[in-house]
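Colleague: I would like to go through the terms used for this model and see what stands behind each of them. Please set the values against the definitions.

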Amino acid sequence: MQFEQPLWLQSGASLHNYMLMYETYGTLNADKSNAVLVCHALNASHHVAGEYEGVPKSLGWWDNMVGPGKPLDTDKFFVIGINNLGSCFGSTGPMHVNPATGKPYGAAFPVVTVEDWVAAQARLADELGIKQFAAVMGGSLGGMQALAWSIMYPDRLRHCVVIASTAKLSAQNIAFNDVARQAILSDPDYHGGDFYEHGVVPKNGLRVARMVGHITYLSDDDMAEKFGRKLRDAAEAGAYKFDFGVDFEIESYLRYQGDKFSEYFDANTYLLITKALDYFDPARAHGGDLAKTLAATKAKFFLASFTTDWRFSPERSQEIVQALVTNRRKVTYAEIDAPHGHDAFLLEDPRYLNLVRAYYGQVWNEIKEAA
Amino acid sequence: MNFNDLSSARPDLAFIAHWVPSNSHVLDVGCGDGVMMDYLQSDKQCSGYGIEIADDKVLDSTKRGVQVIQQDMENGLAIFGDNSFDTVLCLSSLQMMKHVEALLRDIVRVGKEAIVSFPNFAYWPHRVALLKGRMPVSESLPYEWYDTPNVRCATITDFRDLAAECGLEVIECVALAEGRRVSFLPNLRGDLAVFRLRKKATH
């Protein structure tokens, strides 16, 4: 959807004439009360569920969560997936032409925040005639958007579903993000962000950025179990190579992940999104008092964290829960004992998925009772 | 859920529910399948949360529309502020705690009033079992000694001492047998002890 009216950003900059890509699943009911907005995390998009016809391997990023008969059941709910500004999957981003210069934005694309994204999402909701979402939902960075919705537009959502997320990044989180950014910024192919016109991509930087990021998504135990100290070439009977190539399985895996990522992801987008993560801290405007910050909310909350997630650990979710109970908000919180680290929020785990299903069952009951 | 449903499912909870005022803010520590909070929310317009550690019970509570917070109550109630609830319930779960005294102190810290229940170890069939040289196994203590989740055994008289030790005022103390109040020889004839407590007023 194209938007003509300028969007003023937190940084003071603005975007004129921008595009937001979105996808919908299910049917909006007559009183428009069954809409659920699903917000994406770092490397995902508006393509939440299902497979594009004739396009193999095009399964949506949260297909185990969203779809007919799934925990977020599209036979009941009208689900909207939206691609955020600055992304590289169709919504206006740094690879698109800046109308002011006639050239791709590159590094000149304004730094966008979680709140900016939410403001843009709200405009899309306006256009679709959705005054109030049944729920706004997201995992990780997507959870931050859901939380921001509950603060910025308290009357526009009845439920806020925040999975494996946090109300602010820790110094360690920011440090990892900066290593990733430095990898990109110091790649000679980055060209100050204008690599498009040089016909190159800072692949090496993106690759290292993804490798660093990927480490933080997995748990130590999970890595130990999947890879341990296994060597790549079993044929060589466990001999080390005594060079700087690939010895261990884990090296091979991370390089593969990095290579794959650098094929499809945009370096400027990576910089933008990690910056949005770093800046998110809604309590900053309230002297760091999260309880005061969440006093504005009206939604009911569902939060879940995963025990082995050390990127956004259960403690981060507990802080949000504590701030919510201080305000006597309705909140359900689950701490799922899962071995897969931060990535667990995207994986198959019946305890987790059944709980989300049960929660949406309640959301659905409310819609039916109101009808 | 209405009172009759609760009465037939859990007569002990139905008795205790009388002590929870309508519209009060309640914390149910060890809420299990959420049946008590479900009743208090739907029939007495109470608000609040259940705390539960077990995955299956967190799911049951959520299905009932009870706001449940998954955490180990053994770690205390630090996320809740002082006097943030009108009533804190801890029903048939205190005896499973290693740190009973610490939890009891935390319960009365966050609640203006607390209602605590636990199996009365001095119930006469338990005494008979012990006289016969066996650990009691009964409807209220349905476990063998080697697989019981109950790590603390107490009698009504014992708990009174702990309440005094913690500086608590016993507002009411009732022994129940099969969910009904026992007035004559309660420490002998009651299988469930129920205490209604609050902090002693400080002068």
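Modeller: To start with charges, Lys and Arg count as positive and Asp and Glu as negative, while His and the chain ends are not counted. The place of a charge is NZ of Lys, CZ of Arg, CG of Asp or CD of Glu. On that basis, the mean positions of the 21 positive and 27 negative charges of chain B are 5 Å apart. This is a predicted model, in which local features need pLDDT of at least 70 and side-chain atom pairs pLDDT 80 or more, whereas totals for chains, interfaces and linings use all residues. Residues are numbered from 1 along each chain as its sequence is written, chains are lettered from A and ligands numbered from 1 in the order written, and side-chain values use heavy atoms, without hydrogens and water.

Colleague: What makes chain B as compact as a globular protein of its length?

Modeller: The radius of gyration, taken over C-alpha atoms, is set against the globule rule, 2.2 Å times the number of residues to the power 0.38. For 203 residues the rule gives 17 Å and chain B has 16 Å, which is close, so chain B is as compact as a globular protein of that length. Its C-alpha atoms fill a box of roughly 45 × 45 × 30 Å along the principal axes.

Colleague: Why is Glu113(B) called buried?

Modeller: Buried means under 20% relative accessible area, exposed over 50%, and partly exposed in between, with a 1.4 Å probe and protein chains only. Glu113(B) has 15% relative accessibility, so it counts as buried. Its contacts (heavy atoms within 4.5 Å) beyond four places in sequence include Trp19(B), Asp86(B), Ile171(B) and Arg196(B). Of the 203 residues of chain B, 52% count as buried.

Colleague: How do you know that helix 3 of chain B is mostly covered?

Modeller: Helices are DSSP runs of H or I with at least four residues, strands are E runs of at least two, and both are numbered from the N terminus. Helix 3 of chain B spans residues 35–44, and eight of its ten residues are buried. Among them are Met36(B), Asp38(B), Tyr39(B) and Lys44(B). The buried residues of this helix pack against helix 1, helix 2, strand 1, strand 2 and strand 4 of chain B. After helix 3 of chain B comes Gln45(B), with a positive phi near 50 degrees.
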